[in-house]
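Biologist: I am new to this structure. Please show me how to read its features, one at a time.

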Number of protein chains: 2
Amino acid sequence: MTVKQGRPGYNREDILRIAVQEFNAHGYEATSMGDLAKVLGLSKSAIYHHISSKEDLLKSATDKALTLLDSVVAECEESEASAIERLHILVRGTTAALCAEAQYVTLLIRLRGNSEVELAALARRREFTNYLVSLVAEAQGEGALRSEVDSAVAGRLLFGMINSLVEWYVPGGRLDSDQVANIVEVMVFKGLQL
Amino acid sequence: MTVKQGRPGYNREDILRIAVQEFNAHGYEATSMGDLAKVLGLSKSAIYHHISSKEDLLKSATDKALTLLDSVVAECEESEASAIERLHILVRGTTAALCAEAQYVTLLIRLRGNSEVELAALARRREFTNYLVSLVAEAQGEGALRSEVDSAVAGRLLFGMINSLVEWYVPGGRLDSDQVANIVEVMVFKGLQL
């Protein structure tokens, strides 16, 4: 994208990143384009040079998070491994995606379904949950996972655990994404008890 | 509380419950007292008969959720059992609290720290997390839990998993709170793998 002369050099990607931070800090509905303009130090018309609407930002941001999740699912499918092995790939891949793009995923997780864009994103998120649940059920069928645990509940709790990373994980902090994925894997598959 | 004649018979508790639903659906900051008045079918002054401000509602709602968590901690402490047994009590009690009062806990979970009230609630929530983490560490010291898992991360993931129940658990649905607690306990302590 071209950058306007004499204005802070934001491209569409920068505006998206900063908008998502603001949405997460104050809520999507409570954040106006005027608020974004203030934070960016731009006029509203300068922002509209890059994006068409607040909803355009929401759509791009949730697409980004959902595309990350989709690529983890694609990796699972391409592996042609057993269900339990694909579940391991999914758990590690989802953890890595959340650690890498916590802000985008936070926005996705907090969607409430108040517009068409939100409802469409929630539907795609549900597809991901369904894939995860089907993988748990398939691995139970293989005899690799406990069959007494309801697969729909287990899948949702597992995704909820991983999603909660966005609340505290700091990239570049004490633990890298691989170390977090190791802990998540132990907790999901082996549990805490000795 | 007295109920105004000729107006829908809301008491403070009803107003609080409905306000929390609105906050969760549209975001606390995006919900005005005017919005609440519309949903309740009351004038703003009729609402102010019961509550002093929007922040008053937020404080009461988060207090309610935090008091529930505090009572689970108190139950653990009174038991004088081993750390692993107290952790079981905490996991079951927190799950039951969330299933019973999902809306209040959802509000608590989504706080962002944008005001004194929110910061105070976040500090109390952090105390709960610290208690949970210390219990995991103590149970590791007893040799009852895997010591290779970082207690701070395990405690947070565990709380995150339980918190995620508010996203999908429906009271009176297919599973009661006890059945959900059984699944959470298996996942946390034994893991999914056979």
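Biologist: Which side chain does A:R146 meet in a salt bridge?

Modeller: First, some ground rules: this is a predicted model, where local features need pLDDT of at least 70, side-chain atom pairs count only at pLDDT 80 or more, and totals for chains, interfaces and linings use all residues. Residues are numbered from 1 along each chain as its sequence is written, chains are lettered from A and ligands numbered from 1 in the order in which they are written, and side-chain values use heavy atoms, with hydrogens and water left out. Now the general idea. Side chains of opposite charge can pair when their charged atoms come close. A salt bridge is a side-chain nitrogen of Lys or Arg within 4 Å of a carboxyl oxygen of Asp or Glu. Here, A:R146 meets A:E148, at 3.8 Å from N to O.

Biologist: Is A:R146 buried or exposed?

Modeller: Buried means under 20% relative accessible area, exposed over 50%, and partly exposed in between (1.4 Å probe, protein chains only). A:R146 counts as buried because its relative accessibility is 14%. A:E148 is at 53%, so it counts as exposed.

Biologist: Which salt bridges share partners?

Modeller: Shared partners join A:K59, A:D63, A:D70 and A:R124 into one network. The structure holds 24 salt bridges over all chains.

Biologist: How far apart are the closest N and O atoms of A:R124 and A:D70?

Modeller: They are 2.8 Å apart, in a salt bridge. The pair links distant parts of the chain, 54 residues apart: A:R124 is in helix 7 (residues 116–141) of chain A and A:D70 is in helix 4 (residues 54–79) of chain A. Helices are DSSP runs (H or I, at least four residues), numbered from the N terminus. A:R124 counts as partly exposed because its relative accessibility is 27%. A:D70, at 39%, is also partly exposed.

Biologist: What does A:R86 pair with?

Modeller: A:R86 forms a salt bridge with A:E77, at 3.6 Å from N to O. A:R86 has 10% relative accessibility, so it counts as buried. A:E77 has 41%, so it counts as partly exposed.

Biologist: Now the domains. How is chain A divided?

Modeller: Domain bounds come from an automatic or database domain assignment. In chain A, domain 1 covers 12–51 and domain 2 covers 55–190. Their C-alpha centres lie 27 Å apart. Contact means heavy atoms within 4.5 Å. Domain 1 of chain A gives 15 residues to the contact, and domain 2 of chain A gives 14.

Biologist: How much area do domain 1 and domain 2 of chain A bury between them?

Modeller: Buried area is the accessible area (1.4 Å probe) that two parts lose on being put together, summed over both. These domains bury about 1,300 Å², 57% of it on carbon and sulfur atoms. In domain 1 of chain A, A:L16, A:N24 and A:Y28 lose the most area to domain 2 of chain A, together 43% of what that side buries.

Biologist: How many salt bridges cross the interface of domain 1 of chain A and domain 2 of chain A?

Modeller: The rule finds two salt bridges there.

Biologist: One last feature. Which residues of helix 6 of chain B are buried?

Modeller: They are B:A102, B:Y104, B:V105, B:T106, B:L107, B:L108 and B:I109. That is seven of the eight residues in this helix, residues 102–109 of chain B, which is mostly covered. These buried residues pack against helix 1 (12–26), helix 4 (54–79), helix 5 (83–100), helix 7 (116–141) and helix 8 (151–163) of chain B.

Definitions and conventions: Helices (H or I, at least four residues) and strands (E, at least two) are DSSP runs, numbered from the N terminus.
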